[in-house]
Every structure is written in C-alpha cells, then in structure tokens.
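Here is a quick tour of a helical packing arrangement, written to be read with the model open beside it. Start with the confidence, then follow the helices as they pair up.

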Amino acid sequence: MEFLATVIAAGQYAAALSIFAGFLSTIGQGNIASKAIESIARQPEARGAINSAMIISLAMAETSGIYGLVMSLLLLFANPLVNRFIEVVQSGIVK
C-alpha cells in the first residue's frame with residue numbers, strides 16, 4: 001500500500017494537466033473570435049460564411065475544454081486507477 005500515494009499523486013497531476021488544457025482552449029477561443037472579427041472588418045460581404053466557420057470552430061474548441069474538465073473531475077473524484085491498485089494489492093500480486 002506504500003505506492004497508493006504515488007497512484008493518487010499521478011491522478012492529481014493528470015487532472016492538473018486536463019485543467020490546463022481547458023485554459024488553453026479558452027485562449028484558442030479568443031484567437032478564433034478575434035480573427036473572425038478582423039476578417040469581417042476586411043470583407044463585410046463575407047460575414048455569413050465567416051460567422052458559420054467561427055461558430056463551428058468555437059464549438060470544437062469548447063468541446064476540448066469540456067473534455068478536459070470531465071477528465072479532471074473523473075481523475076479527482078472517481079479515479080479508476082486507485083480501485084484497480086487496491087484490487088491488485090489485495091490479490092497479493094504486489095506487496
């Protein structure tokens with residue numbers, strides 16, 4: 001059971017990286033919106049096509065942020081590695 005702390009710490013590091021991915025997706029969304037506004041300012045007649053592409057791109061960027069949040073919550077509160085590690089220790093494979 002001495003490696004249990006290592007397993008939990010690895011899960012917390014992975015959760016932190018997942019949250020960091022969410023922050024990066026926010027930066028990406030800001031870049032998408034700013035470039036779309038610049039494009040509309042240059043060619044106002046292409047506004048409809050630019051808005052459509054922007055909304056699709058924002059949806060994909062938001063999805064990656066949500067996946068990062070879900071993975072971090074999963075790793076923090078329902079970490080499957082901890083339960084598997086406890087099963088292995090109880091079976092006697094690892095001491």
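Mean pLDDT for the chain is 88 in this predicted model, and 97% of the residues reach 70 or more.

| Helix pair | Axis separation | Angle |
|---|---|---|
| α1 and α2 | 8 Å | about 170° |
| α1 and α3 | within 9 Å | roughly 165° |

Take α1 and α2 to begin with: their axes pack at about 170°. An angle over 145° counts as roughly antiparallel, so that is how α1 runs relative to α2.

Next up is α1 against α3, where the axes cross at roughly 165°. These two are therefore roughly antiparallel to each other as well, and α1 goes past α3 in a right-handed crossing. Which residues make the contact? On the α1 side they are L4, V7 and I8; α3 brings in L81, V82, F85 and I86. Sorted by type, the residues of the α1 and α3 contact come out as seven nonpolar, with no polar and no charged ones.

How many salt bridges does the count come to? Two. One of them joins the side chains of E38 and K35, at 4.0 Å from N to O. Both residues sit in helix α1, three residues apart, or about one turn of the helix.

Note on methods: Residues are numbered from 1 along each chain as its sequence is written. This is a predicted model: local features need pLDDT of at least 70, side-chain atom pairs count only at pLDDT 80 or more; totals for chains, interfaces and linings use all residues. Side-chain values use heavy atoms; hydrogens and water are left out. pLDDT is the predictor's confidence in each residue, from 0 to 100. Axes are lines fitted to C-alpha atoms, for helices over the stretch in contact, and angles run from 0 to 180 degrees between N-to-C directions. Helices (H or I, at least four residues) and strands (E, at least two) are DSSP runs, numbered from the N terminus. Angles under 35 degrees count as roughly parallel, over 145 as roughly antiparallel, 65 to 115 as roughly perpendicular and the rest as oblique. A crossing is left-handed if the near helix is turned anticlockwise from the far one by less than a right angle, and right-handed if clockwise. Contact means heavy atoms within 4.5 Å. Ala, Val, Leu, Ile, Met, Phe, Trp, Tyr, Cys and Pro count as nonpolar, Asp, Glu, Lys and Arg as charged, and the others, Gly among them, as polar.
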